[in-house]
Amino acid sequence: MPVRHAATLPDGGAEDFDRLAPAVWNPVSNAVVAAADILVGERVLDLFAGTGSGTVPAAQLAGPAGRVDAIDRSAAMLDLATAKTEALGLGNVSFHRVEPADWVPEEQYDAVISCYGIFLLDDMDAGMDRIVQLLRPGGRVAMSAWDEGALEPFGELLLEVLRGVDTERRGPEGTDGEDSDPRAAPVFVENCRRLASADLLRAWLAARGLADITVEKLGLAVPLEADYAWSLALGSGYRGLLPDDAEALARVRDTFMDRLGDDFVLNADSLIAVASRPEQ
């Protein structure tokens with residue numbers, strides 16, 4: 001089971017991701033957009049826009065005179081986001097399937113928002129440094145991150161199940177010839193850990209040259225039925241570790257849902273950060 005970044009599977013999991021929007025992505029994205037303090041007429045970048053949980057409220061606040069560029073690697077995610085903005089009659093949004101490293105806007109932004117998207121950058125430091133340069137001096141960054149202890153025991157349990165299934169498939173001698181480490185965590189998990197406290201997140205933003213940094217905690221507990229818990233695995237960065245083989249995937253699903261049990265409550269405690277690019 002090779003360790004892959006979720007970005008190598010950009011068009012999978014869009015519908016599973018969107019199933020969780022009402023309970024998780026929407027309330028957190030609303031908090032991020034509120035922290036960004038978007039004004040009428042401003043230009044906004046939504047980094048890793050997903051299915052539009054942050055794009056929609058940002059566009060509503062920017063108004064017809066403003067503009068929102070929503071970028072993501074997944075065409076399927078952006079299709080769902082486009083449908084939402086069209087249903088609401090929002091004509092001030094442009095969607096772009098593009099790597100963040102390749103995005104070149106026509107002009108700098110007043111605000112950049114990212115709802116759990118920063119973790120998907122291949123090189124989180126260098127990637128964010130570049131994004132900061134897309135802000136006008138005095139412009140704001142607003143983002144969400146998982147707080148310490150969030151997504152547990154969900155994440156570790158899923159990784160344990162994946163290790164077990166990988167061992168079954170490889171055998172005691174690992175004779176299938178693969179040399180990847182089945183215990184390794186996907187890139188986004190390591191990135192999440194790097195920012196998993198108010199102090200860590202504040203220090204990381206300061207290292208990006210940002211100022212006026214504030215970090216607020218947002219407590220969120222989400223009861224998840226088994227199907228919705230599996231949708232979180234399919235629609236998040238964990239998808240990059242799931243096996244391609246249908247039988248192996250079914251074993252992972254069945255084992256994981258059995259171990260998760262009924263009445264599971266997801267720890268979705270989050271951090272909402274806002275910072276500004278210093279005036280030059």
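**Close-up views of the predicted model**

**View 1. Surroundings of Leu39.** Beyond its neighbours within four places in sequence, Leu39 is in contact with Leu61, Ala62 and Arg140 (contact: heavy atoms within 4.5 Å). The model is predicted, so local features need pLDDT of at least 70 and side-chain atom pairs pLDDT 80 or more, while totals for chains, interfaces and linings use all residues. Residues are numbered from 1 along each chain as its sequence is written, and side-chain values use heavy atoms, without hydrogens or water. Leu39 belongs to the loop that connects helix 2 (21-36) with strand 1 (helices, H or I of at least four residues, and strands, E of at least two, are DSSP runs numbered from the N terminus). With a relative accessible area of 48%, Leu39 is partly exposed (buried is under 20%, exposed over 50%, partly exposed in between; 1.4 Å probe, protein chains only). Although Leu39 and Asp110 are 71 residues apart along the chain, 9.1 Å separates their C-alpha atoms.

**View 2. The buried face of helix 2.** Eight positions are shown as buried in helix 2: Ala21, Val24, Trp25, Val28, Ser29, Val32, Val33 and Ala36. Viewed down the helix axis, these residues fall within an arc of 140°, so they line one face of helix 2 (the arc is that of the directions from the helix axis to the C-beta atoms). The exposed residues Pro22 and Ala34 are carried on the face turned away from the buried side.

**View 3. Trp146 in the largest nonpolar core.** The largest nonpolar core comprises 90 residues, and Trp146, Phe154 and Leu201 touch the most other members (a nonpolar core is a set of buried Ala, Val, Leu, Ile, Met, Phe, Trp, Tyr and Cys residues joined through side-chain atoms within 4.5 Å). Apart from neighbours within four places in sequence, the contacts of Trp146 include Val24 and Trp25, both of which are buried residues of helix 2. Tyr116, Phe119, Leu151, Cys192, Leu195 and Ala196 are also in contact with Trp146, as are Ala268, Asp269, Ser270 and Leu271. Tyr116 lies in the loop between strand 4 and helix 5 and is buried, at 9% relative accessible area. Despite not being a glycine, Tyr116 has a positive phi of about 60°.

**View 4. The largest pocket.** The largest pocket holds about 180 Å³ of space. On a 1 Å grid over the protein atoms alone, a pocket is an open set of points where a 1.4 Å probe fits, with protein on both sides within 12 Å along at least five of seven lines; lining residues have an atom within 4 Å of a point. Its lining consists of Trp146, Asp147, Glu148, Gly149, Ala150, Leu151, Glu152, Val189, Cys192, Arg193, Ala196 and Tyr238. Helix 7 (residues 187-194) contributes the most to this lining, with three residues. A cis peptide bond, with omega of about 10°, joins the lining residue Glu152 to Pro153. Pro153 itself is in the loop between strand 5 and helix 6 (154-170).

**View 5. Packing of helices 5 and 8.** In helix 5 (residues 124-133), the buried residues are Met124, Gly127, Met128, Ile131 and Val132. They cover an arc of only 140° around the axis, which places them on the same side of helix 5. Their packing partners are strand 1 (43-47), strand 4 (109-115), strand 5 (135-146), helix 7 and helix 8 (198-207). Helix 8 in turn has Ala198, Leu201, Trp204 and Leu205 buried. These lie within an arc of 135° about the helix axis, so they line one face of helix 8. The buried residues of helix 8 pack against helix 5, strand 5, helix 7, strand 6 (211-218) and strand 9 (270-276). Asp199 and Ala207 are exposed on the face of helix 8 turned away from the buried side. After helix 8 comes Gly209, with a positive phi near 85°.

**View 6. Asp263 in an exposed loop position.** Asp263 is located in the loop between helix 10 (246-260) and strand 8 (264-267). Its relative accessibility is 74%, so Asp263 counts as exposed. Although Asp263 is not a glycine, its phi is positive, about 60°. For context, the protein has 10 helices and nine strands, and 54% of its 280 residues count as buried.

Notes:
Points joined across faces, edges and corners; volume = space filled by probe spheres on them.
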